[in-house]
Amino acid sequence: MGITGHHLLALETSSSVCGVALLSSEGRAYRLSSLSHDATGEHAERLLPMVDELLEQAGLGRGDLDAIAFGQGPGGFTGLRVACGVAQGMAFALGVPVIPVVSLHAAALRDTGDEPIRAVVQDARMSEVYAAVYGKAADHPSGWHTLHEPVLLDVADVLPWVRRQARQWARQSTPAVKLLGDALDAYPQILGEEALAAAAGDSADDVVLRRGAPLRASAETVAQLAWHAFQRGYVVQPHQAAPLYVRDKVAYTTAEREQGRGGNPKARPALLIRGMTDADVDEAASIEGAVQAFPWTSGNFRDALQAGYGAWVACAEGRIQGFALTMFAPDVAHLLLIAVRPDAQRGGVGHGLLRHCEGQALARGLPAIILEVRPSNAQALAFYRNRGFTQVGMRKDYYPKGRNEREDALVMEKKLGAQDGHG
């Protein structure tokens with residue numbers, strides 16, 4: 001794919017601000033122009049007229065565009081649907097690809113500080129925030145890669161979560177984390193300067209917390225991230241584009257409230273993903289035994305650790321919820337195992353572990369991740385397909401099935417790109 005003479009349109013409506021940006025390449029550089037308007041409740045009416053105005057200013061028509069990018073969230077449900085729908089509609093009509101961009105990543109790019117870690121916290125209402133973390137990476141085109149994908153947190157959990165996770169995100173002895181995002185102003189009693197100072201004073205872990213600006217994503221930074229993805233071929237077809245919904249729903253049903261639940265579902269407990277140790281092996285083997293007919297043993301797990309495989313556990317509220325093991329070959333990452341305890345399934349643990357493995361693969365410069373799955377495991381197949389995996393082969397008689405029978409394995413692969421755990 002060449003990089004001369006391309007025009008990329010970016011849409012960002014994850015907050016009250018409606019923004020459009022046009023990025024036009026000039027050799028190996030680019031020129032960026034934009035329009036924005038605080039269009040609370042007016043995104044659908046404002047977006048396309050702003051697109052046409054921006055193109056007219058540049059002397060271009062819609063047919064000159066080579067790709068459409070949009071801020072996929074997380075953020076306001078209505079705004080996300082508008083940007084995604086407009087991007088899909090234009091892309092279908094023009095026959096061009098779409099580039100989804102995580103809006104919190106776009107917000108992180110707006111800061112100019114020197115801290116190696118940026119934690120973006122965006123107000124999600126109901127005393128909850130959308131949070132994601134990005135780390136400085138000189139070898140990444142945008143300069144920042146994803147350390148923790150977007151997650152929904154109770155605002156009171158933000159500072160404890162950051163302090164617990166900081167050593168997993170940082171490699172230096174004293175991690176420095178800057179908090180950014182509009183949640184800083186929305187919850188000053190919890191995320192204000194005094195709260196951060198108190199958290200640092202109470203901490204014995206030498207984590208440096210700094211309060212940044214209440215930044216939101218802009219169409220310009222969505223365009224910049226999309227441009228890096230476009231140059232590397234990380235695009236999707238219009239029908240594959242989708243908003244990033246971190247919150248599953250905003251209210252309980254009448255039946256759920258009658259069962260004693262409140263008016264709104266609470267955020268899930270903060271998920272900590274850390275390296276598996278020998279002390280975790282028996283618990284991991286127990287989870288494996290609860291979900292697999294032919295599970296790995298504790299000895300198998302210890303062998304994997306000794307062999308240097310990537311191994312992680314996901315913890316919430318002090319308890320291991322699941323684990324993942326990955327082997328990193330020179331040309332591809334191989335997901336060997338991923339499992340979540342039965343009472344924690346459908347709670348985002350598996351997704352978090354998978355995204356972590358993808359990020360680890362990208363950090364090692366690997367372009368894809370592969371795995372095997374039983375054709376009879378409909379739940380696992382749906383899980384992987386919904387997360388971008390496609391079948392690329394089959395291994396005959398790969399799995400034991402009992403009674404001296406064997407079952408084939410479907411080989412699935414996911415090409416890793418800018419949106420997959422690495423920013």
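Me: pLDDT is the predictor's confidence in each residue, from 0 to 100. What does this chain average?

Reply: The average is 84, and 87% of the residues score at least 70. This is a predicted model: local features need pLDDT of at least 70, side-chain atom pairs count only at 80 or more, and totals for chains, interfaces and linings use all residues. Residues are numbered from 1 along each chain as its sequence is written, and side-chain values use heavy atoms, without hydrogens or water.

Me: Where does pLDDT stay under 50?

Reply: Over residues 256-266. The model has 21 contacts (heavy atoms within 4.5 Å) for that stretch beyond four places in sequence.

Me: What makes β15 and β17 a pair?

Reply: Strands are DSSP runs of E, at least two residues, and helices are runs of H or I, at least four, all numbered from the N terminus. Two strands pair if DSSP finds at least two bridges between them. Six bridges join β15 (368-373) to β17 (405-415), so they pair. They run antiparallel. Val373 has Leu410 in β17 as its bridge partner.

Me: Which sheet holds them, and which strands are its edges?

Reply: An open sheet of seven, ordered β11-β12-β13-β14-β15-β17-β16, with mixed pairing. Its edges are β11 (272-275) and β16 (390-402), as each pairs on one side only.

Me: Why are α1 and α2 called oblique?

Reply: The axes of α1 (43-58) and α2 (77-94) come within 10 Å and cross at roughly 40°. Under 35 degrees is roughly parallel, over 145 roughly antiparallel, 65 to 115 roughly perpendicular, and the rest oblique. The two helices are therefore oblique.

Me: Which residues make the contact?

Reply: His43, Ala44, Leu47, Leu48 and Val51 of α1 meet Gly79, Val82, Ala83, Val86 and Met90 of α2. Eight are nonpolar, two polar and none charged. Ala, Val, Leu, Ile, Met, Phe, Trp, Tyr, Cys and Pro count as nonpolar, Asp, Glu, Lys and Arg as charged, and the others, Gly among them, as polar.

Technical notes
Axes fitted to C-alpha atoms, helices over the stretch in contact; angles between N-to-C directions.
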